[in-house]
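The report below is written for a reader who is meeting this structure for the first time.

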Amino acid sequence: MTRAGRTIAGIVTVIGVAGALTGCGGDAGSSDSGSTTLTLYNAQHEDLMKAMVDGFTEKTGIKVEFRSGEDPELANQIVQEGKASPADVFVTENSPSVQVVADAGLFAPLDKDTLAQVPQQYRPSSDSWVGFAARSTVLAYNPDLIAENELPASMLDLAKPQWQGKVGFSPGGADFQAIVGAVLELRGEKATRTWLQGLADGNAVYQGNSAVMQAVNEGKIPVGIIYHYYWYKDQAESGKNSDHVKLHYFGKQDPGAFVSVSGAGVLASSKHPDQAQQLVTYLTSADGQRRLAESTALEYAVADGAASADVLPPLDTLEAPTVDPGALNGPKVTQLMQDVGLL
């Protein structure tokens, strides 16, 4: 996702404290909770995280300061800062960047009760961090230009010559790069390179998923690769950039049905480790997931038994491929995309 105005330092926001010092796991009810301020390195949508963190602060009395930026920027910043990082918790939109921090050995083990709240498919096999939200890959298409029965059976078919120049995508964003990571993990390097080369040859490159959807809506291209929530959010707001767009779900465990996981981890260098653990526990708790589902973000709740927004197709009906979210190889994806001229 592109948020052009944001920098590594990002927008610093202090979420106010309200409510009694009631428990959220750990020592949430301890006498010093109200005087604690956590630093959250936030690469997720700020409106979503504010909604969830507000609930955490109301429940525990623990304040949270935001430092917001893009997935890879904040991940790289944490690695550079190392043990001196002021971050207590890191959250991302997609899993490759949170895994970069995990691979650097900078996360503390998560509480077992936190991990138990989330099914295994939405957390890495290493359990070094945990998923708290998800978004589905979809093919946005303009029904005035193409019928659904004319769409390809697989997302990888979009690299074929007949689709050249007709497939919009945003290669510079962490969203698309996570999708590439899934293709690499599921189909291997050769197939991934072939797919990327076909898209690169078409040169229908846009800056961000919203721009891809808008181009489809305006009939500039018949199809585009995006995440589901861009369409749902636009429909909920005005439909201005999506009224001539429909969504196609590939299903059948195709790479085009990949569900990307948003991750959260506690920094081993946190000065407030107990409270940091409580925040991640809250994000994956019933109350935190309810706040996600009721927000305008329209992403999927992933905790065990958590319901997502009613407007969304149920997560368990998407027939997504099984991918360890900690196995997406961000550095290799970058190399492949550079090789074909997309980065």
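A crossing of two helices is called left-handed if the near helix is turned anticlockwise from the far one by less than a right angle, and right-handed if it is turned clockwise. The model is predicted, so local features need pLDDT of at least 70 and side-chain atom pairs count only at pLDDT 80 or more, while totals for chains, interfaces and linings use all residues. Residues are numbered from 1 along each chain as its sequence is written, and side-chain values use heavy atoms, with hydrogens and water left out.

**Helix packing**

Helices (H or I, at least four residues) and strands (E, at least two) are DSSP runs, numbered from the N terminus. Axes are lines fitted to C-alpha atoms, for helices over the stretch in contact, with angles from 0 to 180 degrees between N-to-C directions, and contact means heavy atoms within 4.5 Å.

The crossing of α1 and α9 is right-handed, and their axes come within 9 Å at an angle of roughly 145 degrees. On the α1 side L48, A51, M52, D54, G55 and E58 take part, and they meet G288, Q289, R291 and L292 of α9. The residues of this contact between α1 and α9 divide into four nonpolar, three polar and three charged, where Ala, Val, Leu, Ile, Met, Phe, Trp, Tyr, Cys and Pro count as nonpolar, Asp, Glu, Lys and Arg as charged, and the others, Gly among them, as polar.

The axes of α5 and α10 also come within 9 Å, and they cross at roughly 55 degrees, which makes α5 oblique to α10; angles under 35 degrees count as roughly parallel, over 145 as roughly antiparallel, 65 to 115 as roughly perpendicular and the rest as oblique. The crossing of α5 and α10 is left-handed, and the residues of their contact divide into seven nonpolar, three polar and four charged.

**A covered helix**

How many of the nine residues of helix α3 (residues 95-103) are buried? Seven of them are, namely S95, P96, S97, V98, Q99, V101 and A102, where buried means under 20% relative accessible area, exposed over 50% and partly exposed in between (1.4 Å probe, protein chains only). What covers these buried residues of α3 includes α2 (71-81), β4 (89-91), α5 (174-202), β9 (259-266) and α10 (330-339). After α3 comes G105, with a positive phi near 70 degrees.

**Salt bridges**

A salt bridge is a side-chain nitrogen of Lys or Arg within 4 Å of a carboxyl oxygen of Asp or Glu. A search of the whole structure finds 14 salt bridges, including those in the table.

| Salt bridge | N to O distance |
|---|---|
| K233 and D47 | 3.9 Å |
| E65 and R67 | 3.6 Å |
| D127 and R123 | 2.6 Å |

Salt bridges that share partners also join E189, R193, K332 and D339 into one network. As for the pair of K233 and D47, K233 lies in helix α7 (residues 228-237) and D47 in helix α1 (residues 46-60), so the pair ties together parts that are 186 residues apart in sequence. K233 is buried, with a relative accessible area of 17%, whereas D47 is partly exposed at 38%. R123 is buried because its relative accessible area is 12%, and D127, at 22%, is partly exposed.

**A loop residue**

P314 is found in the loop between α9 (286-294) and α10, and its relative accessible area of 47% makes it partly exposed. The C-alpha atoms of P314 and Y300, 14 residues apart along the chain, are separated by 8.7 Å.
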